[in-house]
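Please read the following report alongside the sequence and the coordinates.

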Amino acid sequence: MATLQAQRLFLAPSTSSPSTSAARPRRPRRSSVATCRAALHVPTGIHTTQENLSRQVNWIETPRVPASPSAEVSLEKLRAIADAATDRAEMHDIIGRQRDNWNHLLLHSTNSLTLAASAMAALAPAAPTMVALKASAGVLLATAAVTMAAVNKIQPSQLAEEQRNATRLWRELERELRAAIAHGAPTTKADVQEAMDRVLALDAAYPLPLLPGMLEKFPKAVEPTRWWPSRRPAQPKKSKSFGRRRSAPVSSGNGWTQDLEDEMRGLLRVIKAKDENEFLTVGKLVLNLNRGLAVAGPALAGTAALASVFIGTGEAGAWATGAAVIGGALAASVNTVEHGGQMGMLFELLRNCAGFYRKIQEDIEANLAEPDVDRREGGELFATKVALKLGRSLSDLKQFRKMASPSVRDEDIKEFAGKLF
C-alpha cells in the first residue's frame with residue numbers, strides 16, 4: 001500500500017493549487033508521445049492523463065536543426081552549372097566533329113576543282129571545243145580561288161582542335177562539380193561564383209559561333225590560350241611562412257617545407273624559360289608558315305584563272321596555257337600542305353600547350369604568394385598534382401631545387417620541366 005501511494009505521488013501532476021496550474025504554460029502535444037508511452041511500463045491501477053505523461057517524457061525528444069536556405073540555394077545553383085557544363089561538352093563535341101568534316105570535305109573538293117581545271121586548260125588548245133574548255137577551266141579555277149580564300153580564313157582544322165580541347169575542359173569542369181556535390185560539404189556563394197567564373201572563361205576561350213565571335217586565326221602576337229579566370233589577389237594575413245629562410249626538411253604547416261618551396265620555385269623558373277617559351281617560339285614559326293600558305297594558295301589559283309582567259313590567243317596562248325596548268329597544280333599542292341597537314345590545328349595545339357604550362361605557373365605562383373601556409377593547398381597533394389601534369393615522379397622534382405638559386409642563369413637551363421609533351 002505504501003509503494004502504491006509513492007508511485008501515485010511520483011506520477012501525479014503538480015497541480016496542487018489552481019494558481020500554479022494557471023501560471024505554467026502547457027506544452028504542445030508531440031507525435032512521438034504515443035510511442036514513448038507504449039514503451040513506459042505503468043503499474044496496474046495507476047491512471048494518468050496524456051498531458052501528465054507528456055510532461056514526463058518531453059525531454060526525450062531532440063530538436064532538429066533546419067538546413068540553411070542559402071546553402072540549399074547555392075547547392076542547386078552548383079547542380080545547374082554542372083548540368084550546363086554537360087550540355088556545353090556535348091555541343092562542343094558535335095560541332096567539333098562537324099568542323100573536322102568540313103576540313104576533309106573542303107580539302108578534297110577544292111583540290112578536285114583545281115586539278116580538273118588544270119587538265120581542261122592543258123587540253124583546251126588542241127581540242128575542237130577550245131572555248132568551252134577554256135571557259136570551264138576559268139570558272140573552276142576562280143571557284144577554287146574563292147573557296148581557298150574562305151577556307152583559309154576560317155581554318156577548319158583549327159576550329160576542330162578548339163572544339164576538341166573545349167570538350168575535354170568542359171568535361172573536366174563537370175567532373176569537378178559533380179565530385180564537389182557528392183562530397184556533401186556546405187556550398188557557399190563563393191563556390192558558385194568561382195564555378196560561374198570558370199564557365200565564362202571557357203566560353204570566352206572557345207566560342208561556339210563561327211561568325212561573329214570566331215577566334216582570330218592569324219593573330220599579330222602569339223599568346224597562350226587562357227581558359228581559366230583571373231585570380232583575385234589574396235588578402236594579406238600575418239601568419240607563419242617559410243619565405244626564403246632555411247629550415248629543416250620536416251613536415252611543417254600543411255605539408256609545406258622550405259625544400260618543397262625551392263622545388264616549386266625552380267619548376268616555375270624552368271617552365272617560364274624553357275617549356276612555355278619553346279611552344280610559343282614554334283607556334284610563331286607555324287603561324288608564319290600558315291599565313292604564307294594561306295596567301296599563296298588563292299593567289300596561285302587566281303593567277304591560273306586569269307591566265308586561262310588568254311588560252312588560244314596566238315603566241316601568248318602557249319604561255320597562258322602553261323601558266324594556267326602550273327598555277328593550278330601549285331595551288332592544289334599548297335592547299336594540300338596547308339589543310340592536309342592541318343597547319344591551323346598544329347598552331348592551336350601549340351598555343352594550348354603553352355596555356356597548359358601557363359596555368360601550372362599561375363597555380364604555383366598563387367600558392368607561393370600566399371603567406372599563410374595553412375591557407376595554401378596541401379603541400380604533398382599539390383606536388384603530386386604538378387608531378388602528374390608534368391609526367392614526372394615526385395623524386396624527379398627534387399632536381400629542380402637548385403634552379404631556384406639566383407646563381408643559375410636561364411641560359412644554363414638545358415632540361416625541360418615537362419615530359420608529357
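## An opening question

Is E365 buried, partly exposed or exposed? With a relative accessible area of 31%, E365 is partly exposed, where buried means under 20% relative accessible area, exposed means over 50% and partly exposed lies in between, computed with a 1.4 Å probe and protein chains only.

## Basis of the model

This is a predicted model, in which local features need pLDDT of at least 70 and side-chain atom pairs count only at pLDDT 80 or more, whereas totals for chains, interfaces and linings use all residues. Residues are numbered from 1 along each chain as its sequence is written, and side-chain values use heavy atoms, with hydrogens and water left out.

## Overall fold

The protein contains 12 helices and zero strands, where helices (H or I, at least four residues) and strands (E, at least two) are DSSP runs numbered from the N terminus. Of its 421 residues, 39% count as buried.

## Packing of α5 and α8

Helix α5 (residues 69–123) packs with helix α8 (residues 189–205) at an angle of about 20 degrees, their axes being 9 Å apart. The two helices are therefore roughly parallel. Here axes are lines fitted to C-alpha atoms, for helices over the stretch in contact, and angles run from 0 to 180 degrees between N-to-C directions; angles under 35 degrees count as roughly parallel, over 145 as roughly antiparallel, 65 to 115 as roughly perpendicular and the rest as oblique.

The crossing of α5 and α8 is left-handed, a term used if the near helix is turned anticlockwise from the far one by less than a right angle, with clockwise giving a right-handed crossing.

## Salt bridges

A salt bridge is a side-chain nitrogen of Lys or Arg within 4 Å of a carboxyl oxygen of Asp or Glu, and by this rule the count comes to 23. One of them joins K217 to E162, with the closest N and O atoms 3.5 Å apart. Since K217 belongs to the loop between α8 and α9 and E162 to helix α7 (residues 156–183), this pair ties together parts that are 55 residues apart in sequence. K217 counts as buried at 2% relative accessibility, and E162 also counts as buried, at 1%.

E365, the residue of the opening question, forms a salt bridge with K272, the closest N and O atoms being 3.1 Å apart. Because E365 lies in helix α11 (residues 343–369) and K272 in helix α9, the pair ties together parts that are 93 residues apart in sequence; K272 is partly exposed, at 43% relative accessible area. Within helix α11, D363 and K359 form another salt bridge, with a closest N to O separation of 3.4 Å, and these residues, four apart in the helix, are separated by about one helical turn. D363 is buried at 13%, whereas K359 is partly exposed at 24%. Salt bridges that share partners also join E261, D262, R265 and R376 into one network.

## Helix α9 and the surface

Helix α9 (residues 258–308) includes L306, which counts as exposed at 57% relative accessibility. Together with V309 and F310, L306 forms a nonpolar patch on the surface with about 310 Å² of accessible area. Patches are made of residues with over 30% relative accessible area and no salt bridge, like charges being joined within 9 Å and nonpolar side chains (Val, Leu, Ile, Met, Phe, Trp, Tyr) within 5 Å, and accessible areas come from the Shrake-Rupley method with a 1.4 Å probe, only the protein chains shown counting as cover for residues.

A296 also lies in helix α9 and is partly exposed, with a relative accessible area of 28%.
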